[in-house]
Amino acid sequence: MYEPTQEIIVAELRLRGTAQMADIAQILGPGLAALIPYEIQRMKATGLLSYDEPLGPDSLLRFPQA
């Protein structure tokens, strides 16, 4: 399945190493802002990324450590 929102988040994490949720929201723009928390939670559930709870604008997103 094609997940463009997730691809953008992964691309930013590959580029930066870590990213704040607010930065991702700015990159994706206001049209997708409502989807970001849902997508990030789905990505965490599948083990694709991790973040510090609770999820909010200052949450630091990163790839899980092996």
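View 1. Glutamate 12 is buried, with a relative accessible area of 14% (buried means under 20% relative accessible area, exposed over 50%, and partly exposed in between, with a 1.4 Å probe and protein chains only). The model shown is predicted: local features need pLDDT of at least 70 and side-chain atom pairs count only at pLDDT 80 or more, while totals for chains, interfaces and linings use all residues. Residues are numbered from 1 along each chain as its sequence is written, and side-chain values use heavy atoms, with hydrogens and water left out. Glutamate 12 belongs to helix H1 (helices, H or I of at least four residues, and strands, E of at least two, are DSSP runs numbered from the N terminus). Setting aside neighbours within four places in sequence, the contacts of glutamate 12 are Gly17, Ile24 and Ile27 (contact means heavy atoms within 4.5 Å).

**View 2. Salt bridges of arginine 16.** The side chain of arginine 16 pairs with glutamate 12, and their closest N and O atoms are 2.9 Å apart (a salt bridge is a side-chain nitrogen of Lys or Arg within 4 Å of a carboxyl oxygen of Asp or Glu). These two partners, arginine 16 and glutamate 12, sit 4 residues apart in helix H1, which separates them by about one helical turn. As a reminder, an α-helix has 3.6 residues a turn, so residues three or four places apart point the same way. Arginine 16 also forms a salt bridge with aspartate 23, at 3.3 Å from N to O. Arginine 16 is partly exposed, at 43% relative accessible area, and aspartate 23 is partly exposed too, at 25%.

View 3. A salt bridge joins the side chains of lysine 44 and glutamate 53, with 2.9 Å from N to O. Lysine 44 is partly exposed, with a relative accessible area of 30%, whereas glutamate 53 counts as exposed at 56%. Elsewhere, shared partners tie Glu12, Arg16 and Asp23 into one network of salt bridges. Across the whole structure, a search finds 5 salt bridges.

**View 4. The crossing of helix H1 and helix H3.** Two packed helices are described by the angle between their axes and the distance between the axes. Here, the axes of H1 (residues 4-16) and H3 (residues 36-45) come within 10 Å and cross at roughly 75 degrees (axes are lines fitted to C-alpha atoms, for helices over the stretch in contact, and angles run from 0 to 180 degrees between N-to-C directions). H1 and H3 are therefore roughly perpendicular to each other (angles under 35 degrees count as roughly parallel, over 145 as roughly antiparallel, 65 to 115 as roughly perpendicular and the rest as oblique). From H1, Thr5, Gln6, Ile9 and Val10 meet Glu39, Ile40, Arg42 and Met43 of H3. Sorted by class, this contact of H1 with H3 has 4 nonpolar, 2 polar and 2 charged residues (Ala, Val, Leu, Ile, Met, Phe, Trp, Tyr, Cys and Pro count as nonpolar, Asp, Glu, Lys and Arg as charged, and the others, Gly among them, as polar).

**View 5. Glutamate 39 beside threonine 5.** Glutamate 39 and threonine 5 are 34 residues apart in sequence, yet their C-alpha atoms are 7.4 Å apart in space. Glutamate 39, in helix H3, is buried at 7% relative accessible area. Threonine 5, in helix H1, is buried at 9%. Not counting residues up to four places away in sequence, glutamate 39 touches Glu3, Thr5 and Gln6.

**View 6. The buried face of helix H3.** Ile36, Glu39, Ile40 and Met43 are buried in H3. Looking down the axis of H3, these buried residues fall within an arc of 100 degrees, so they line one face of the helix (the arc is that of the directions from the helix axis to the C-beta atoms). Their cover includes H1, helix H2 (21-28), strand S2 (50-51) and strand S3 (60-62). Glycine 47 follows H3 and has a positive phi, near 85 degrees.

**View 7. The buried face of helix H2.** Met21, Ile24 and Leu28 are buried in H2. Down the axis of H2, its buried residues fall within an arc of 60 degrees, so they line one face of the helix. They pack against H1, strand S1 (18-20), H3 and S3. After H2 comes glycine 29, with a positive phi near 85 degrees.
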